[in-house]
Amino acid sequence: PCATFRPGEDQIRAFFARAKRVSQRAFLHETDWSACYATGTLFLRGGAEASWTVQRFGAGYLKIDGAPYYFDCSSCRLGVPVGAAKP
């Protein structure tokens, strides 16, 4: 099922705009986990580079200068049709 998981730039931007920052513990133990994920690189103002990973069920993280920042957005189900039940 992960072969079709290809979130677009707008979806990734919306995820990080809506997601709340959580602790590493919350990320590992309290977010919904998915084997389907997307990764990429973004460039911050000032030229810094960050890598990101976002999972299908709304968990993700950024790495900036090697430091991880964890996020959760339970209402950000990427690749799940609007109104669909949570898998």
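A contact here means heavy atoms within 4.5 Å. Keep that in mind for the fold. This is a predicted model.

Let's start with the whole chain. Among contacts with a separation of 6 or more, 49% join residues 24 or more positions apart. The protein has 2 helices and 5 strands. Their order along the sequence is α-β-α-β-β-β-β. There are 87 residues, and 37% of them count as buried. The accessible surface is about 5,800 Å². Carbon and sulfur atoms own 52% of that surface.

Now the pocket. How much space lies in the largest pocket? About 270 Å³.

Three elements each supply at least two lining residues: α1, β2 (37-43) and β4 (59-64). By type, the lining divides into 8 nonpolar residues, 1 polar and 2 charged.

Salt bridges. How many does a search of the whole structure find? The search finds 2.

Take Arg 13 first. Arg 13 forms a salt bridge with Glu 9, and the closest N and O atoms are 2.8 Å apart. Why might such a pair form? Side chains of opposite charge can pair when their charged atoms come close. The spacing along the helix is worth a look. Arg 13 and Glu 9 sit 4 residues apart in helix α1 (residues 9-18), so about one helical turn separates them. Buried or exposed, for Arg 13? Arg 13 has 55% relative accessibility, so it counts as exposed. Glu 9 also counts as exposed, because its relative accessibility is 55%. The cut-off for exposed is over 50%.

The other pair is Glu 30 with Arg 25. Their closest N and O atoms are 2.8 Å apart. Both Glu 30 and Arg 25 are exposed.

Next, two buried residues. The cut-off for buried is under 20% relative accessible area. Gln 55 belongs to strand β3 (residues 49-55). Its relative accessible area is 11%, so Gln 55 is buried. What does Gln 55 touch, leaving out residues up to four places away in sequence? The list is Phe 5, Phe 27, Asp 32, Trp 33, Ser 34, Cys 36, Tyr 37 and Leu 78.

The other one is Arg 77. Arg 77 lies in the segment after β5 (67-72). Arg 77 is an arginine, but is it buried or exposed? Arg 77 has a relative accessible area of 18%, and therefore it is buried. Now look across to Phe 57. Arg 77 and Phe 57 are 20 residues apart in sequence. In space, their C-alpha atoms are 4.7 Å apart.

Last stop: the stretch from β4 into β5. Asp 65 is in the loop between β4 and β5. Asp 65 is not a glycine, yet its phi is positive, about 50°. Asp 65 counts as exposed, because its relative accessibility is 74%.

Then Ala 67, in strand β5. Its relative accessibility is 28%, so Ala 67 counts as partly exposed. Ala 67 and Ala 50 are 17 residues apart in sequence. Their C-alpha atoms are 9.6 Å apart.

To recap. Arg 13 and Glu 9 form a salt bridge, and so do Glu 30 and Arg 25. Gln 55 is buried, and Arg 77 is buried as well. Asp 65 carries the positive phi. That's all from me.

Methods: Residues numbered from 1 in each chain as written. Predicted model: local features only at pLDDT ≥ 70, side-chain atom pairs only at ≥ 80, totals over all residues. Heavy atoms only, no water. Buried < 20%, exposed > 50% of the residue type's maximum accessible area, 1.4 Å probe, protein only. Salt bridge = Lys/Arg side-chain N within 4 Å of Asp/Glu carboxyl O. 1 Å grid on protein atoms, 1.4 Å probe; cavity = no way out; pocket = protein on both sides within 12 Å on 5 of 7 lines; lining within 4 Å. Points joined across faces, edges and corners; volume = space filled by probe spheres on them. Nonpolar A, V, L, I, M, F, W, Y, C, P; charged D, E, K, R; others polar. Areas by Shrake-Rupley, 256 points an atom, 1.4 Å probe, with all protein chains shown as cover.
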